[in-house]
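The structure is shown first.

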Amino acid sequence: MTYPRFYNAHIETMPLEQLRELQLRKLRKQLAYNYQHSAFYRQKFEEVGAHPEDIRTLEDLARLPFTTKEELRDSQLEQPPLGHHAAVPMSRVVRIHSSSGTTGRPSYVGITHHDRDTWVETVARVYWSEGVRPDSMVVMGFGMSFFVGGLPLKDAIEEIGATFVPVGTGASDRLITSIQNLGANQLTCTPSYAIYLAEYVRNKFHVEPRTLGIRRIQLGAEPGGGVPAVRQRIEEDWGAFVTEGIGNADVLPVYAADCDERLGMHFLAPDFAILEVIDPESGVSLPLDQSQVEGELVFTHIDRECCPLVRFRTRDRVIVWTDPCPCGRTGPRLRCVGRTDDLLILRGVNVWPSAIKDVLMGMRPRTTGEVQILLKQPGPRVDPPLHLRVEYGSDVEDLAALKREIEETLREKLIFTAEVELVPPGTLPRFEMKAQLIRKLYEQGR
Ligand SMILES: [Zn+2]
């Protein structure tokens, strides 16, 4: 069966000039709405003397203040449950999700019927771009509860007309037997879970994962899917075509994803949010007219009823490309380098945990690819050497030589000094949800 190339050709291939007109029209409407319905934004705009009507071009958006995660959390503490920034009464809220991976009180995101429709449309474009079609059967390997990587994916995959198999996390046996019994051909999960599952299938079922018939794997929820060596390992394990998507609980469940060209994840929701890239130090908005821009990702909703955000700082550090993609989608493409909170700086050199992971994955089978970064003090500045715990491969005999080789490779490729502690294969924790590359020793016992 042949299907169209795009889920929504009108939006996904819209010429940029036309798209900017559409965005400006929706932005002005949204800002007026926020001013009227969100006490949080009325106050923020008034503090800087801005009025929605002052915003006449997309560039004017940079005159409005940023919104941070901390502000949203404070807003919810002051006015539970959804905060001052919520712009509808609870009677119009149809579902509440919470954002994952944060310490302390979780933060909540409510959606109306209309918000739900925009989520379904966005995530359907994402999964279509990643190869889900009505004749696909997708096994769900993300958690199905509060997490935005759960139910919104179900809604979208069903909307496409594909078959959705709701297994979730913590049920690896059931996940594997459902692939075997139902003949599922796609799997969506985190990179760490795809790697964990492959080991699990070999050890427990004594079969090679590539014989199970999974043709495509859609990764998300952590940067590993964009790390070349991690992706390559998953492709080899499963014999599948691997793509990745990225989302944010406060913005949209998944807003960008690879196409088959895999030249970066296309931003697929330009009619629901405006993407901006800023210099994380100065806060200056970086023009997207160069071929490649690096900075922090910032979003402004332009079609949101319950919790609309203006210039929300995601803390995701990305590289964005705007040159045309052979697939025909016009949306800019991005690759997540890491969370700005995870960046380490050693003697002035930026080191991303995902880059360390990439180097160690590339040294398999002499290592297992598993690594833990031990921090005695909060980053980003770390005095060298950086302490790493690395699992050696099961056939390695000369550990001293391996340790030297890893330290030299890291110095050569990433320009920093490491102190490597080798540990036996299987020692470091495996994660079903998000991999934790950094172990904060200074938080132990808290
Ligand atoms: Zn493309």
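In which hand of crossing does α5 pass α6? The crossing is right-handed, where right-handed means that the near helix is turned clockwise from the far one by less than a right angle, and left-handed anticlockwise.

## Basis

This is a predicted model, in which local features need pLDDT of at least 70, side-chain atom pairs count only at pLDDT 80 or more, and totals for chains, interfaces and linings use all residues. Residues are numbered from 1 along each chain as its sequence is written, and side-chain values use heavy atoms, without hydrogens and water.

## Helix pair

Helices α5 (residues 113-129) and α6 (residues 151-160) pack at about 70°, with axes 8 Å apart. Helices are DSSP runs of H or I with at least four residues, strands are E runs of at least two, and both are numbered from the N terminus. Axes are lines fitted to C-alpha atoms, for helices over the stretch in contact, and angles run from 0 to 180 degrees between N-to-C directions. The two helices are therefore roughly perpendicular (65 to 115 degrees; under 35 is roughly parallel, over 145 roughly antiparallel, the rest oblique).

Contact (heavy atoms within 4.5 Å) involves residues including W119 and V123 of α5 and L153 and I157 of α6.

## Sheet

An open, mixed sheet has 11 strands in the order β4-β3-β5-β6-β7-β8-β9-β13-β12-β11-β10; strands pair if DSSP finds at least two bridges between them. Its edge strands are β4 (163-165) and β10 (273-278). From one strand to the next, the twist averages 40°.
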